[in-house]
Amino acid sequence: MELAVVPESFCHLLQSALKDQSSAVRTCAVTSFGSLLVTDWVVLLSHGSFIGSASSLDWTRIDSILSMCTPNGERSGNVRAAACKAVGDICTVCVGSLLSEEGLEKAVPFSDDFVVAIATKVCSEMEQALNDKTVSVRSMGLFAIGNTSLALKDRCAFLSMNRMFPLVYACIGDKDDKVVGNAIRTIGHVSYFVYTPEFLSNEGGSVSDDLKLYGSLLSNLTGKVHDVLCDATGE
């Protein structure tokens, strides 16, 4: 059996498992997709042929996983959370730059139009995930946005990412501490697309508006840190 056939045959079984009646099986299947390497995705997206434009790739598996991040595509909150985490892991391996064993950056197999296409899909689905009634889904939705943002910084300008900032910022007010923690982490990554000079005020707003939002962000983060320290010290 050729090496390229292995991941395709294996993932064909995983694809079927995504539709299994058992939520535990669906969770395991979507988690397994999140564990695949970039070399596996090259095979799955292009069937081992030359990597072309985004429109020429096979999006079947990625679209299936993305659809499971929201209640419209998946009824189980545990599965939705696992799907969101898988999306974050997939973006890390497929979007971010690769490093050689010597620590030198290597060429990535996917083009910038693929990166923009998958980032657009992620943003669309995670908008819903951030408002999910299940805590773990909101938390993993933030994880997916954070990982995507971090990977995008090494690849290309993606102006649409800055529209996610207000949604992520709003999660600071979540009642669950884990969601708040992931929101703070994700703000650090998404902020790059809001306050870096090449992105600043690209949406037509003024620099003063951006700075006002930045000041509000720092004020709220400082307040959150203060509250956490008070809880920890009992003061």
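Student: Asn147, buried or exposed?
Tutor: Asn147 counts as buried, because its relative accessibility is 8%. Buried means under 20% relative accessible area, exposed over 50%, partly exposed in between, with a 1.4 Å probe and protein chains only.

Student: What am I looking at, then?
Tutor: A predicted model: local features need pLDDT of at least 70, side-chain atom pairs count only at pLDDT 80 or more, and totals for chains, interfaces and linings use all residues. Residues are numbered from 1 along each chain as its sequence is written, and side-chain values use heavy atoms, leaving out hydrogens and water.

Student: Where does Asn147 lie?
Tutor: In helix 7, residues 135-152. Helices are DSSP runs (H or I, at least four residues), numbered from the N terminus.

Student: And what does Asn147 touch?
Tutor: Gly88, Asp89, Thr92 and Arg185, leaving aside residues up to four places away in sequence. Contact means heavy atoms within 4.5 Å.

Student: New topic. Why is helix 3 largely enclosed?
Tutor: 8 of its 9 residues (38-46) are buried, so the rest of the structure largely encloses helix 3. Among them are Trp41, Leu44 and Ser46.

Student: How do helix 4 and helix 6 pack?
Tutor: Helix 4 (residues 60-67) and helix 6 (residues 112-129) meet at about 20 degrees, axes 10 Å apart. They are therefore roughly parallel, a label for angles under 35 degrees. Axes are lines fitted to C-alpha atoms over the stretch in contact, and angles run from 0 to 180 degrees between N-to-C directions.

Student: Which residues make the contact?
Tutor: Ile62, Asp63 and Leu66 of helix 4, with Ile118, Lys121, Val122 and Glu125 of helix 6.

Definitions and conventions. Helix = DSSP H or I, 4+ residues; strand = E, 2+ residues; numbered from the N terminus. Parallel < 35°, antiparallel > 145°, perpendicular 65-115°, else oblique.
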